[in-house]
Amino acid sequence: MKWDPRKYTQFSSHRDRPFFDLTARIAADSPRRVVDLGCGPGTLTAALAARWPSAQVTGVDSSPAMVERARALGQAPDNLDFVQAGIEEWEPQPGTDVVVSNAALQWVPGHQDLMRRWAKQLDGGAWLAVQVPGNFGAPSHALMRELAAGPEWAGKLDGVLRHGDAVDEPEDYLGLLVEAGFDADVWETSYSQVLPGKDPVLEWVRGTALRPVIDALDPEDFSRFEEQYAVLLREAYPAHAWGTVFPFRRIFMVGRKQG
């Protein structure tokens, strides 16, 4: 799937907040290795490197465009590097004390099994911190799926959009971590975000949830799909003089391995 770093960072003030809410719960003092899985354009990974200057901090992302953008960061800390690789391929090296994945694992089918594998491989005392969106039932996603399943688009978009198996509920992740031998903290937050401008919810999903549709359709078809989808979004998220409210539920989990 192709990613556009500029579009992804368009709403960075909103997209970045869950990362800091997540990582604030990590109580590691002097980790040796820190890994950010699905690091995107790297700005948040750089914040980890600044927080733990004695650690080797590595950002991992499957997108060449994202990794290129990350490697071009200005004034990047010396303890920071980036690797292009799929999350499915990653395994913790010895001394990996903190693993972070912010808004990335929802793209990986079966990520729960990956988390169990990492939990087994990590040393005692290591931290695993994950955040995934919990808004797959929200109008922004439900309307996209309904349109894609309609008579005009079903033939071209069948199987493109995932929903039911994208993420679990908080209690499922809590059970996963506890059963893997972690002291776990799992919670959810719904952010009531005010987005500015024309069709701001459409602009938001262009950077994330709409990417599979962009990849699946040719430019002419996508333009038509997007026009139809925009009408539905305007009805679901009415604009006010001061902006458009876009509620966003997110699921957080932070665990420290016992031993």
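Colleague: Which strands each supply at least two residues of the lining of the second largest pocket?
Modeller: This is a predicted model, where local features need pLDDT of at least 70, side-chain atom pairs need 80 or more, and totals for linings, chains and interfaces use all residues. Numbering starts from 1 along each chain, and side-chain values use heavy atoms, without hydrogens or water. Strands here are DSSP E runs of at least two residues, and helices H or I runs of at least four, numbered from the N terminus. The strands that each give at least two lining residues are β1 (33-37), β2 (56-61) and β3 (80-84).

Colleague: Nice! Which lining residues are closest to the centre of that second largest pocket?
Modeller: The second largest pocket has a volume of about 170 Å³ (the space filled by 1.4 Å probe spheres on points of a 1 Å grid). A pocket is an open set of points with protein on both sides within 12 Å along at least five of seven lines, lined by residues with an atom within 4 Å of a point. Of its 14 lining residues, the closest to the centre are Val 35, Thr 58, Val 83, Trp 90 and Gln 93.

Colleague: How do α2 and α3 lie relative to each other, roughly parallel or oblique?
Modeller: The axes of α2 (residues 12-23) and α3 (residues 43-51) come within 11 Å and cross at roughly 30 degrees. Angles under 35 degrees count as roughly parallel, so α2 and α3 are roughly parallel.

Colleague: And which residues of α3 make the contact with α2?
Modeller: With contact meaning heavy atoms within 4.5 Å, α2 brings Asp 16, Phe 19, Phe 20 and Thr 23. On the α3 side, the contact is made by Leu 44, Ala 47, Leu 48 and Arg 51.

Colleague: How many charged residues are in the contact of α6 with α11?
Modeller: In this contact, Leu 143 and Met 144 are among the α6 residues, and Phe 225 and Leu 232 among those of α11. By class, 10 residues are nonpolar and two are polar, and the number of charged ones is no residues.

Terms used. Axes fitted to C-alpha atoms, helices over the stretch in contact; angles between N-to-C directions. Parallel < 35°, antiparallel > 145°, perpendicular 65-115°, else oblique. Nonpolar A, V, L, I, M, F, W, Y, C, P; charged D, E, K, R; others polar.
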